[in-house]
Amino acid sequence: MGCKSWGSRALVLWCIVLSLIHSSLGSKVSHFKWEVEYMYRSPDCLEHVVMGINGQFPGPTIRAKDGDTIVVELTNKLHTEGVVIHWHGIRQLGTPWADGTASISQCAINPGETFKYRFRVDKPGTYFYHGHYGMQRSAGLYGSLIVDVADGEKEPFHYDGEFNLLLSDWWHQSVHEQEVGLSSNPFRWIGEPQTLLINGRGQFNCSLAAKFSNSSVSQCKFRGNEQCAPQILHVRPNKTYRLRITSTTALASLNLAIGGHKMVVVEADGNYVQPFTVDDLDIYSGESYSVLLRTDQLPSKNYWISVGVRGREPNTSQALTVLNYFPTSASKLPISQPSVTPRWNDYNHSKAFTKSIFALMGSPQPPKTHHRRIILLNTQNKINGFTKWSINNVSLVLPPTPYLGSMKYGLNNAFDQRRPPVNYDNNYDVFKPPVNPNSTHGSGVYTINFNTTVDVILQNANALAKDVSEIHPWHLHGHDFWVLGYGEGKFREEDEKKFNLKNPPLRNTAVIFPYGWTAMRFVADNPGVWAFHCHIEPHLHMGMGVVFAEGVHRVGEIPRAALACGLTGNKQN
């Protein structure tokens with residue numbers, strides 16, 4: 001007898017229970033044992049020390065299905081520093097201690113120690129993981145995390161095969177030197193990256209497209225087994241391929257193009273979007289996209305895949321690899337030059353792409369109203385002569401005791417109890433450098449009532465230097481949010497009338513453009529303590545972030561190892 005024919009309410013509930021049991025039986029638990037360590041590698045043909053996992057750089061790709069549980073036993077073999085790993089885009093429903101944010105969700109894993117991450121992936125999409133302690137992402141601690149649809153489910157689009165493109169930037173200066181420079185007086189900026197990498201591979205001292213260059217750079221000559229040799233994408237004519245594209249850059253905003261081909265964008269940050277066609281796409285640090293590529297060009301040729309810098313005046317060559325059509329030889333380089341990356345400060349191009357992203361019909365819609373609004377002014381400041389980034393004039397400094405533990409156990413002296421400001425002085429001129437550049441450190445928390453709706457307005461402004469306002473991609477842990485709109489200049493109350501409440505995209509990372517604002521809305525329905533920060537690595541290191549807490553009293557048992565430091569460490573002894 002089918003459930004639909006049962007009239008009793010109790011029986012209907014029992015049917016729901018049975019369906020949940022059935023769905024849980026379809027999921028599985030995947031176990032991984034990882035060791036994080038430094039190793040020698042030549043990501044751009046020059047040997048340097050990189051941070052890898054199990055001898056791999058980038059780290060191993062995790063592949064799971066919606067509803068699966070992932071268990072990673074992470075052993076720190078770095079000898080002289082702690083480590084954590086953040087699972088970027090995974091909401092950690094019920095497992096806030098597994099978010100992998102040092103001083104927020106857990107203690108850093110000490111050298112020689114092993115920590116077990118255990119969490120459920122609850123939404124198909126393109127994700128990644130990376131270090132979230134110091135600037136370890138810049139050192140190479142990152143990899144891909146792909147969640148496929150559950151058995152019996154289908155994607156809202158068809159494709160014949162897929163490729164994964166993990167984009168990053170690379171410096172020859174070690175992250176330790178970079179950190180010291182950022183924390184020095186006088187300030188020493190890290191500069192632009194030496195190389196852009198595709199799946200951990202790039203070329204610094206040669207070029208695949210040297211004959212099209214005006215410089216004296218030499219032509220790369222690869223046998224194919226070099227660590228910096230490009231990974232070729234082998235395709236067959238008249239097929240549709242899904243390209244999963246993720247940016248884990250420390251600094252660079254990027255643009256990707258494929259010579260002679262258009263792309264159809266179908267997914268953003270693990271959420272389906274209304275398909276739209278582009279010649280190229282901008283991608284900011286922390287973002288991920290899926291695009292569909294139709295191999296409808298001449299199969300007697302190969303085609304460039306090019307990645308260039310956007311949003312900053314570039315001093316870094318394009319990253320290149322090849323789309324190789326069968327049966328053409330993969331060693332046959334394209335005969336035309338790579339696509340020219342749009343000019344770095346062509347923000348109209350960037351905004352046109354970003355504002356073309358809408359949720360697929362049937363996606364969750366935002367609540368029509370909000371309970372609370374928080375406006376976050378992004379400024380560059382000075383504290384005792386040191387250069388910092390601040391939010392509402394407070395530069396974030398994380399405490400030694402993880403917030404998740406100190407708030408759950410009521411350890412009020414573990415962090416700053418002053419409430420951080422929810423707005424800024426209305427007289428502040430966002431188009432000029434700050435009249436008073438001085439800021440303060442803070443470790444306060446934005447405490448949000450559980451299950452309420454919050455609007456956050458990210459407000460950009462001029463930096464310390466005249467006529468400088470930078471792009472900032474902001475990432476929220478523990479949630480997706482709806483991007484309700486973008487605007488120029490200072491956000492005003494009447495701008496709320498322009499919000500898109502019909503089909504705003506769900507994202508976990510959103511960009512604010514120079515001298516502009518971005519409005520987002522989320523529901524505080526995930527008990528825990530969550531970071532919200534600029535995903536540019538040196539900016540976060542310099543204080544560009546805030547901390548949200550919601551329903552912490554609802555958090556279940558936290559593994560002892562997650563809180564074995566600071567005041568919570570003392571509590572557990």
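**Cavities, cores and overall form**

A search of the whole structure turns up three cavities of 30 Å³ or more. The model is a predicted one. The largest cavity holds about 70 Å³ of space. Its lining is made up of Leu251, Ser253, Arg310, Gly311, Arg312, Glu470, Ile471, Ile536 and His539. Sorted by class, that lining has three nonpolar, three polar and three charged residues.

Next come the nonpolar cores. In soluble globular proteins, nonpolar side chains tend to be buried together. Here the largest nonpolar core has 79 residues. Trp87, Tyr117, Phe522, Phe532 and Phe548 have the most contacts inside this core. Take Phe548 as an example. Leaving aside residues up to four places away in sequence, Phe548 touches Ile374, Val445, Tyr446, Ile448, Val456 and Leu476, and also Phe522, Gly528, Val529, Trp530 and Phe532.

Now step back to the whole chain. The protein chain has six helices and 32 strands. Its radius of gyration is 24 Å, close to the 25 Å that the globule rule gives for 573 residues, so the chain is as compact as a globular protein of that length. Along its principal axes, the C-alpha trace spans about 75 × 65 × 55 Å. Of the 573 residues, 58% count as buried.

Among contacts between residues at least 6 apart in sequence, 78% join residues at least 24 apart.

Terms used. Residues numbered from 1 in each chain as written. Predicted model: local features only at pLDDT ≥ 70, side-chain atom pairs only at ≥ 80, totals over all residues. Heavy atoms only, no water. 1 Å grid on protein atoms, 1.4 Å probe; cavity = no way out; pocket = protein on both sides within 12 Å on 5 of 7 lines; lining within 4 Å. Points joined across faces, edges and corners; volume = space filled by probe spheres on them. Nonpolar A, V, L, I, M, F, W, Y, C, P; charged D, E, K, R; others polar. Core = buried A, V, L, I, M, F, W, Y, C linked by side-chain atoms within 4.5 Å. Buried < 20%, exposed > 50% of the residue type's maximum accessible area, 1.4 Å probe, protein only. Contact = heavy atoms within 4.5 Å. Helix = DSSP H or I, 4+ residues; strand = E, 2+ residues; numbered from the N terminus. Rg over C-alpha atoms; globule rule 2.2 N^0.38 Å.
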